[in-house]
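Trainee: I would like to go through this model and ask what backs up each label. Can we take it step by step?

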Amino acid sequence: MQFISTRGGMQPQPFSETLLEGLAPDGGLAVPEVMPQVDGETLERWRALTYPQLATEVLGLFATDIPRADLARMTEAAYASFPAEVVPLRAIGDGITLVGLSEGPTLAFKDMAMQFLGQVLEYTLERKDSVLNIVGATSGDTGSAAEHALRGKERVAVFMLSPQGRMSAFQRAQMFSLDDANVHNIAVEGVFDDCQNLVKALAGDLDFKRAQHLGAVNSINLARITAQVVYYFWAWLRATDAGGWTELSFTVPSGNFGNILSGFFAKQMGLPIRRLVLAANENNVLDEFFRTGIYRPRSAAQTLATSSPSMDISKASNLERFIFDLVGRDAAKVVAAWRDLDEQGFFDFTADLGRFEDEFGIVSGTSTHADRLATIRSVYETTGEIIDPHTADGVKVAREYVESGVPMLVLETAKPEKFAETIQEAIGVELDYSPELQAMLDAPQFVTEMADDEQALRAFVEANALR
Ligand SMILES: *Cc1c(COP(=O)(O)O)cnc(C)c1O
């Protein structure tokens, strides 16, 4: 299995080679040259597997350059700290079932992919006898998932920039309580965009990047996308009966289009998925695109800070991978769409509007703060379950698309404990923290405060980078 760029300018590469680079050299994103196919017989055989075993099978279709035994060892290690089931399902009525993706160390779905990425990065770097210094910016979930996945690794260090004073107490504790030598928390005097601009400045200096072995683990990372494909198969196998060929639908609380793209891959691989329902919050550029065919990214100033903050995006980094298939895998058309975007601020696929649902099964909807609160309340009142604000956006939009006879699975992208204030606002319940979480919240914190200053960041990275 080889990977090519959505913009056509990359020699086909195996899985391991796409891990360390975020983007293809031509500015496009890596995609499988041919999507692997899974038939009904194989699916039935997979029913008996544990989650790590299933992950080995699915990832093995993409990572054909990694020996199976090594892959099996890595998937076991990646999910060892999860509960036995790894991804539990639970019904909440009205034909809706939650897919529990937040059982990992940082209580959000990003652990599912990041824990595997941590394993495969260390493995690949060992084979190359190399090291990697990850420099990233976070407003919360991604940074903590990356740090918890990479802490203690010998060949990877993490430099994670966050906007000082702008994360929740819980998010700060989750990141800053780590005191591993290879984890560097940097609180920048500024907002998230300032952090991101600093990262871009360093990554854009190719000499510095090469000399310091800089890399990224952002949401376009292909290992993350493929690791996320696994739980679509897992959820389908748990939610259907043996021998049937039942179609079901998934609703995905979405930001950068990473999670739902993995569902799109699963559908293209042959998994019987009827609809992929994209749920957006108030920052609904993607809902706008799937309803109108026009994609118009917003500026940072037009991007709202909402109560489902991990979906607060101005543009959706992974959308290009969907567009590549929409235009029949014609790289020239992808390049043309992004040229339009640069020149006029939007691109226009209104002519293809009908195909979004008919051919690809993708539909969408938006949820607001009021919807979120009402949904948390209604699920709590009818089932006693407390769901987090992002999952609530999913349930709100899922309810608009439930069809009789078609199970609707909603991906639970975080645990409510991470967003206790919104839960309090919705249902007046003060969440109890487990003893482990309380200990984390009370632990000493390790963070370096820094001005919004590129030179200071360069000096810090140079002084602390692995080499
Ligand atoms: C990252 C995140 C999302 C959005 O996922 P994408 O892959 O960016 O679409 C949704 N919910 C939570 C809790 C997240 O952390």
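Mentor: Start with a term. Contact means heavy atoms within 4.5 Å. Keep in mind that this is a predicted model.

Trainee: What covers the buried residues of α7?

Mentor: The cover includes α6 (141-150), β6 (156-163), β7 (183-188) and α19.

Trainee: What makes helix α7 (residues 169-176) "mostly covered"?

Mentor: Buried means under 20% relative accessible area. Six of the eight residues of α7 are buried. They are Phe170, Gln171, Ala173, Gln174, Met175 and Phe176.

Trainee: Why is Gln174 called buried?

Mentor: Gln174 sits in helix α7. Its relative accessibility is 1%. The cut-off is under 20%, so Gln174 counts as buried.

Trainee: Which residues does Gln174 touch, leaving out those up to four places away in sequence?

Mentor: Pro105, Thr106, Leu107, Ser144, His148, Lys418 and Met440.

Trainee: Why is Val447 called partly exposed?

Mentor: Val447 has a relative accessible area of 32%. Buried needs under 20%, exposed needs over 50%, and partly exposed is in between. Therefore Val447 is partly exposed.

Trainee: Where is Val447 found?

Mentor: In the loop between α19 (435-442) and β15 (448-450). Beyond its neighbours within four places, Val447 contacts Phe176, Asn185, Ile186 and Ala187. Phe176 is one of the buried residues of α7.

Trainee: Now Thr391. How do you know whether Thr391 is buried or exposed?

Mentor: Thr391 has 0% relative accessibility. Buried means under 20%, so Thr391 counts as buried. Its place is in helix α17 (residues 389-399).

Trainee: What makes the pair Thr391 and Thr413 a polar contact?

Mentor: A polar atom of the Thr391 side chain lies 3.3 Å from the backbone nitrogen of Thr413. The limit is 3.5 Å, so the pair falls within it. Thr391 also touches Leu98, Pro253, Val410, Leu411, Glu412 and Ala414.

Trainee: Which other polar pairs involve an oxygen atom of the ligand?

Mentor: Lys110 places a polar side-chain atom 2.5 Å from a ligand oxygen. A polar backbone atom of Gly255 is 2.7 Å from a ligand oxygen.

Trainee: How many residues surround the ligand, and of which classes?

Mentor: There are 15, the closest being Lys110, Asp141, Gly255, Asn256 and Asn259. The shell has five nonpolar, eight polar and two charged residues.

Trainee: What makes up the largest nonpolar core?

Mentor: This core has 105 residues; Phe233, Leu319 and Phe322 have the most contacts inside it. Helix α10 (residues 222-239) gives the most to this core, with 13 residues. Beyond its neighbours within four places, Phe233 contacts Val38, Leu43, Trp46, Leu54, Val58, Ala266, Met269 and Leu271. Another core lies apart, with 23 residues, among them Val277, Leu373, Val395 and Val410. Val410 is also one of the residues that Thr391 touches.

Technical notes: Residues are numbered from 1 along each chain as its sequence is written. This is a predicted model: local features need pLDDT of at least 70, side-chain atom pairs count only at pLDDT 80 or more; totals for chains, interfaces and linings use all residues. Side-chain values use heavy atoms; hydrogens and water are left out. A residue is near a molecule or strand if one of its heavy atoms lies within 4 Å of it. A polar contact is a pair of N or O atoms within 3.5 Å; within protein, one must be able to donate a hydrogen and the other to accept it, and residues adjacent in sequence count only if both atoms are side-chain atoms. Ala, Val, Leu, Ile, Met, Phe, Trp, Tyr, Cys and Pro count as nonpolar, Asp, Glu, Lys and Arg as charged, and the others, Gly among them, as polar. A nonpolar core is a set of buried Ala, Val, Leu, Ile, Met, Phe, Trp, Tyr and Cys residues joined through side-chain atoms within 4.5 Å. Buried means under 20% relative accessible area, exposed over 50%, partly exposed in between (1.4 Å probe, protein chains only). Helices (H or I, at least four residues) and strands (E, at least two) are DSSP runs, numbered from the N terminus.
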